[in-house]
Amino acid sequence: MSKSKSLFENAKRVIPSGVNSPVRFFKPYPFFVKKAKGSKIWDEDGNQYIDYCTGYGAMLLGHRNSKVISSVVRQLKIGTMYGAPTDLEVELAILIRRAYPSMQKIRLVNTGSEATMTAIRLARGFTKKKKIIKFEGCYHGAHESMLVRAGSGSAGIPVSDGIPDDFIKNTIVLEYNNYEKLENVIKKNDDIAGVIVEPVLCNMGLILPNNDFLMNMRKITRREGIPLIFDEIITGFRMSYGGAQEKFGIKPDITTLGKSLSNGFVISAVGGKNEIMEQLSPNGNVYEASTFAGNPISTRAAIASLHTMYSLKNKIYPKLAKQCLSLTKSIRESATKYGIEHQVNTISSMFQIFFTDKPVTDYTSSKLADGKKFHKLFSGLLNEGIFIAPSQFETGFLSYAHTDSDLEKTMHSYDYALRQIRT
Ligand SMILES: *Cc1c(COP(=O)(O)O)cnc(C)c1O
C-alpha cells in the first residue's frame with residue numbers, strides 16, 4: 001500500500017473526510033505532501049510533480065522563494081507574535097496602496113474569507129442597507145452570506161446546510177456576465193448595500209468577464225452610490241502587479257487581496273475608500289478584529305513578496321503570459337487532434353480546459369462540461385507527474401519558477417492524458 005494511502009486512512013480517523021479543506025480530496029485518495037521547491041512538489045511516496053495548483057494560486061513566485069524565506073527566517077529570530085502594532089504593518093500597507101491606489105486605507109487580516117466578510121460588513125455599515133449582490137459561481141470564502149451558489153469546492157451545493165434562510169434572503173445571486181439582469185435588479189431595489197464580484201471568475205474553472213460587464217457594473221454602482229467590491233484574492237498580484245483593476249482600468253470602492261500577497265503565508269487584506277474604511281472600529285462602528293492580524297511573520301513574508309514581485313514585474317508578468325499562451329495553444333491542439341470537444345479559457349498566468357462544445361461564460365455553461373472526462377484528465381496528468389487542482393471548478397496557475405522545460409513536459413503529458421480520454 002502506498003504511504004499516501006495509509007496516511008489518508010489515518011487522517012480519516014481524526015479529520016473529517018481526512019482533509020482540512022474539501023477541495024483537497026480526490027478519488028481514490030489524495031497524495032500527502034512531503035516538500036516543495038520552485039515549480040515542484042513531492043509526495044510521501046517520493047513522487048515528483050510539476051505543480052499547477054500552486055497553493056490555489058498563492059505561490060506566484062514558486063515554492064520556497066529564497067527572498068521570502070530568508071526574510072521570514074530573520075523575523076523568526078526576533079519575534080513571531082506581539083499583539084501590538086509594528087512598523088512592518090505600515091510598510092506593507094504603503095506597498096499595497098502604491099500598487100492599488102483604490103485602497104486608500106487597508107486592514108490586514110488572515111484569510112480571504114475574513115477579508116470578504118469584512119468587506120461586506122463595511123458595505124452594509126457604510127450604506128446602512130442590507131442586500132448584497134453576488135454572482136453565480138463566484139467564491140468569496142466560506143461564510144454565511146456568501147455560500148450561496150458559490151464556486152470552488154462548493155460548486156455542487158446550492159446553499160450549505162447550517163445557514164438559516166434569514167442570511168440568504170439578503171444575498172441576491174445573479175448570472176455572471178449578465179449586465180442587464182444586474183441593472184434591472186439595481187433599478188427595482190433600493191436596499192442594495194453592495195455588489196461583490198471576482199473580476200475574473202477563477203472558482204468555476206476559469207471564466208473571463210465580457211467586454212463591458214465590469215465597466216457597466218462600475219458605472220451603475222457609482223451612479224447609484226452602491227459600493228463595488230472587487231474580490232481580487234486570486235487576481236491580485238497575479239493578473240498584473242496591480243491586479244485586475246489595473247489590467248482593466250476600473251477602480252472599485254473596496255478590494256480584497258490574499259493568496260499571492262505573501263507567496264505562501266497566512267495573510268489577507270481588505271482596503272478601500274477612506275470614508276468606507278473609516279467605519280471600522282475602534283473609531284467607527286463596524287467591528288472587525290483578529291488576534292493574529294498583521295503578525296510579523298506573515299507581514300514580513302508579504303513585504304518580501306511585494307518587493308520581489310515589484311522589482312521583477314517587467315519580467316514576471318510577460319514571461320507568465322507567454323508561457324501560458326504556448327501551453328494553452330498546445331493543449332487545444334492536442335484536444336483537437338484527438339477529436340475531443342473542448343474549450344480552453346486563459347488569461348495572464350491562468351488556464352482551464354472544459355470538455356464541452358459550448359463557450360464557458362458563466363456558472364451554467366461551466367456546469368455543462370463533462371466532469372468525468374475532467375477527472376480522467378486529472379488522473380492521467382497525475383500519473384504523468386503533473387499536478388493540477390483536482391476539480392473542474394478550479395483554475396490552473398503558472399508560477400515564476402516554472403521553466404520552459406517544465407512547460408514542454410507538461411504539454412507532452414496533456415497530449416498523453418488527452419489521448420487516454422479519447423479511447
Ligand atoms: C480563495 C478565495 C477566497 C477565500 O480565501 P481563504 O483564504 O480560503 O479564506 C475568497 N475569494 C476568492 C476569489 C478566492 O479565490
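How far from a nitrogen atom of the ligand does a polar side-chain atom of Asp231 lie? Select Asp231 together with the ligand, and the distance comes out at 2.7 Å. Before going further, note that this is a predicted model, in which local features need pLDDT of at least 70 and side-chain atom pairs count only at pLDDT 80 or more, while totals for chains, interfaces and linings use all residues. Residues are numbered from 1 along each chain as its sequence is written, and side-chain values use heavy atoms, with hydrogens and water left out.

**Stop 1: the ligand**

The protein buries 82% of the 380 Å² that the ligand exposes when taken alone, where accessible areas come from the Shrake-Rupley method with a 1.4 Å probe and, for residues, only the protein chains shown count as cover.

Now widen the selection to the residues around the ligand, which are Thr111, Gly112, Ser113, Tyr139, His140, Gly141, Glu198, Asn203, Asp231, Ile233, Ile234 and Lys259; a residue belongs here if one of its heavy atoms lies within 4 Å of the ligand. If you colour this shell by residue class, it divides into 3 nonpolar, 6 polar and 3 charged residues, with Ala, Val, Leu, Ile, Met, Phe, Trp, Tyr, Cys and Pro counted as nonpolar, Asp, Glu, Lys and Arg as charged, and the others, Gly among them, as polar.

**Stop 2: the sheet of E1, E2, E3 and E13**

Switch to a cartoon view, in which helices (H or I, at least four residues) and strands (E, at least two) are DSSP runs numbered from the N terminus. Select the open sheet of 4 strands whose order is E1-E2-E3-E13 and whose pairing is mixed; two strands pair if DSSP finds at least two bridges between them. At its edges are E1 and strand E13 (386-387), each of which pairs on one side only.

Begin with strand E1 (residues 33-37), which runs antiparallel to E2 and is joined to it by 4 bridges. Within this pair, Lys35 stands opposite Trp42, and Lys37 stands opposite Lys40. The two strands form a hairpin with 2 residues between them, and in its turn Gly38 has a positive phi of about 60°.

Move on to E3 (residues 48-51), which is antiparallel to E2 and joined to it by 3 bridges, with Lys40 opposite Ile50. The hairpin of E2 and E3 has 4 residues between the strands, and Gly46 takes a positive phi near 85° there.

Which residues of strand E2 (residues 40-43) are buried on its two faces? In a regular strand the side chains alternate between the two faces of the sheet. Show the side chains of E2, and you will find Lys40 and Trp42 on one side and Ile41 and Asp43 on the other, all of them buried; buried means under 20% relative accessible area, exposed over 50%, and partly exposed in between (1.4 Å probe, protein chains only).

**Stop 3**

Select next the open sheet of 3 strands in the order E11-E12-E14, where the pairing is antiparallel. E11 and strand E14 (396-397) stand at the edges with a single partner strand each, so one side of each has no neighbour in the sheet. E11 and E12 pair over 5 bridges, and Thr346 stands opposite Phe351 in E12.

Between strand E11 (343-347) and strand E12 (350-354), pick out Ser348 in the loop. Ser348 is buried, at a relative accessible area of 13%. Apart from neighbours within four places in sequence, Ser348 is in contact (heavy atoms within 4.5 Å) with Arg238, Met239, Lys247, Leu320, Ala321 and Cys324.

**Stop 4: backbone details**

Most residues other than glycine have a negative phi, and most peptide bonds are trans. Against that background, select Ser17, in the loop between H1 and E1, where phi is positive, near 60°; Ser17 counts as exposed, at 55% relative accessibility. Asn177 also has a positive phi, near 70°, and lies in the loop between strand E6 (171-174) and helix H7 (179-188), but it counts as buried at 13% relative accessibility.

Finish with two cis peptide bonds: one runs from Lys27 to Pro28, with omega near 0°, and the other joins Ser281 and Pro282, with omega about 10°.

Notes. Polar contact = N/O pair within 3.5 Å; in protein donor to acceptor, adjacent residues only side chain to side chain.
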